[in-house]
Amino acid sequence: MAVNRVPVLKRCRSLDLDPVFLGYDKKSKRKSLRAGKKMSEYGLQLREKQKAKFIYGVLEKPFRNYYEKADRMKGMTGENLMILLERRLDNVVFRMGYARTRKEARQIVGHKHILVNGKCVNIPSYLVSAGDTVELSEKAKGLQRYKDVAEVTNGRLVPEWMDVDQENFKGTIKEFPSREVIDVPVDEMLIVELYSK
């Protein structure tokens, strides 16, 4: 399996991205070497695509598949792409506050600690639907690790498209998110322009 091992802060610097969107509290004091240089139109489009891939932890081929699926759906392709990425199970676990970062959420899903509608799902790219219930398994609820994580993520705002019961580690997807409520700093129109060349 391919894994991106680039240091997070270094990658954030190169993409001009705040680590807060990934769930990290750290800040880098260094400046990017290309900070003052002008970027070409293609460079800007590529950077937006890399930003989206990095934030959601998706590699090139699956990202391309998401784009093609979004293109076939009704409505704006860029908005559909962001909604598809937001519906990924690892992202939903992160948004509900069961993990500090999306990488940790992906690991939790991989370790079979997440139940969707009462069934164990260990595929991070699983797309949740409206009305789905996402919760920690009974074994995982008793672990100290999740109690610690809940304390750390308690201050994080839960998006309005989901209902979360922090006490019982259980959440429900009320509806699909709209682009307005997705707080990811990505200009999806540039991604669409890049892929439609």
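Strand 1 (residues 114–116) pairs with strand 3 (residues 133–136) through three bridges, in the antiparallel sense. This is a predicted model.

- Which residue of strand 3 is the bridge partner of L115? That residue is E135.

**The largest pocket**

- The largest pocket has a volume of about 680 Å³.
- Its lining is made up of 29 residues.
- The closest of them to the pocket centre are N4, G57, V58, K103 and R106.
- Helix 2 gives the most, with five residues.
- By class, the lining of the largest pocket has 14 nonpolar, six polar and nine charged residues.

**The second largest pocket**

- The second largest pocket has a volume of about 520 Å³.
- It is lined by 24 residues.
- Closest to the centre of this pocket are V20, G23, F94, R156 and L157.
- Two elements give two or more residues to its lining: helix 5 (89–95) and helix 8 (144–153).
- The lining of the second largest pocket divides into twelve nonpolar, four polar and eight charged residues.

**A residue to look at: D90**

- D90 lies in helix 5.
- Helix 5 is also one of the elements that give two or more residues to the lining of the second largest pocket.
- Is D90 buried or exposed? Its relative accessibility is 2%. Buried means under 20%, so D90 counts as buried.
- Which residues does D90 touch, not counting those up to four places away in sequence? They are Y56, R102, A105, R106, V109 and P124.
- One of these contacts, R106, is also among the residues closest to the centre of the largest pocket.

Conventions: Residues numbered from 1 in each chain as written. Predicted model: local features only at pLDDT ≥ 70, side-chain atom pairs only at ≥ 80, totals over all residues. Heavy atoms only, no water. Pairing = 2+ DSSP bridges. Helix = DSSP H or I, 4+ residues; strand = E, 2+ residues; numbered from the N terminus. 1 Å grid on protein atoms, 1.4 Å probe; cavity = no way out; pocket = protein on both sides within 12 Å on 5 of 7 lines; lining within 4 Å. Points joined across faces, edges and corners; volume = space filled by probe spheres on them. Nonpolar A, V, L, I, M, F, W, Y, C, P; charged D, E, K, R; others polar. Buried < 20%, exposed > 50% of the residue type's maximum accessible area, 1.4 Å probe, protein only. Contact = heavy atoms within 4.5 Å.
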